[in-house]
Amino acid sequence: VTDRSFDAVLGELDPAMVVVTTAVDGERGGCLVGFHAQSSIEPRRYSLWISKANHTYGLVVRATHVGLHFLAAGDRQLAEVFGTLSGDDVDKFERCQFEDGPFDVPVLTTCANRVVAERVSLIDEGGDHICLVTAPLEVTSDGPFEPLRLSAVDDLEPGHPADGSELADAAGDG
Ligand SMILES: Cc1cc2nc3c(=O)[nH]c(=O)nc-3n(C[C@H](O)[C@H](O)[C@H](O)COP(=O)(O)O)c2cc1C
């Protein structure tokens with residue numbers, strides 16, 4: 001019952017969507033993320049939460065830097081590529097425009113509002129997502145924009161279920 005009421009309250013929020021990208025040992029990855037927020041003012045910090053089920057997880061635990069792409073209302077196609085496909089199966093970067101940016105972070109060049117950030121902390125409190133706390137290093141922006149919000153993409157089927165059920169399936173538990 002607590003979970004249901006919690007989900008009902010959170011369901012009223014309509015968070016903006018970001019695509020998180022990274023690269024490590026020559027391998028690129030990235031996924032659509034709805035769990036993210038500024039988490040300190042001085043110094044500036046930005047936190048995001050990555051599912052342990054994701055291909056991106058295997059990279060971010062080793063990477064030093066990430067790219068945060070704040071999607072605009074017209075970016076639904078990018079949300080589909082990064083939110084419904086998995087780097088386990090496809091190279092998402094063949095389906096979008098990107099370049100290797102600072103610290104080899106792949107940056108999506110069609111996203112005008114983006115940040116390259118350095119990982120300052122990684123927190124695993126035992127749940128199905130880990131928290132990355134990052135410090136912004138380079139900000140690119142073309143001014144005010146209307147974010148792509150969850151309500152515009154909540155029909156998308158995640159490439160990996162977000163609640164760890166896939167991990168349980170793989171273990172034969174369900
Ligand atoms: C609307 C929406 C929001 C999502 N939010 C998150 C999130 O906050 N964190 C996360 O790790 N995955 C999130 N996902 C799931 C991943 O983007 C998705 O499973 C992706 O296909 C994983 O790709 P990968 O296996 O290449 O990492 C979300 C997916 C959707 C459709």
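Biologist: Which residue of β9 is the bridge partner of Tyr-46, and what makes β4 and β9 a pair?

Modeller: In this predicted model the bridge partner of Tyr-46 is Thr-134 in β9. Strand β4 (residues 45-51) is joined to strand β9 (residues 129-140) by six bridges, the two running antiparallel; since pairing requires that DSSP find at least two bridges between two strands, they count as paired. The strands themselves are DSSP runs of E with at least two residues, while helices are runs of H or I with at least four, both numbered from the N terminus. As for the ground rules, local features need pLDDT of at least 70, side-chain atom pairs count only at pLDDT 80 or more, and totals for chains, interfaces and linings use all residues. Residues are numbered from 1 along each chain as its sequence is written, and side-chain values use heavy atoms, with hydrogens and water left out.

Biologist: Why are β2 and β3 called edge strands?

Modeller: The open sheet has seven strands in the order β2-β1-β5-β8-β9-β4-β3, with antiparallel pairing. β2 and β3 (36-40) each pair on one side only, and this is what an edge strand is here. Neighbouring strands of the sheet are turned against each other by 35° on average, with direction ignored. Helix α3 packs on this sheet and touches β1 and β2, its direction making about 110° with that of β2; such angles run from 0 to 180 degrees between N-to-C directions, with axes fitted to C-alpha atoms, for helices over the stretch in contact.

Biologist: What makes a group of residues a nonpolar core?

Modeller: Its members are buried Ala, Val, Leu, Ile, Met, Phe, Trp, Tyr and Cys residues joined through side-chain atoms within 4.5 Å. The largest such core has 15 residues, and Val-20, Ile-50, Val-66 and Leu-68 have the most contacts inside it. At least two residues of this core come from each of β1, β2, β4, β5 (65-70), β8 (114-123) and β9. Apart from it lies another core of 14 residues, including Leu-71 and Phe-82. Phe-82 is also one of the buried residues of α3 (residues 76-84).

Biologist: What makes the backbone at Asp-104 and at Pro-43 worth noting?

Modeller: Most residues other than glycine have a negative phi, and most peptide bonds are trans. Asp-104, in the loop between β6 and β7, has a positive phi of about 65° although it is not a glycine. Phe-103 lies in the loop between β6 (98-100) and β7, and its phi is positive too, near 55°. The peptide bond from Glu-42 to Pro-43 is cis, with omega near 5°, and Pro-43 sits in the loop between β3 and β4.

Notes: Buried < 20%, exposed > 50% of the residue type's maximum accessible area, 1.4 Å probe, protein only. Contact = heavy atoms within 4.5 Å.
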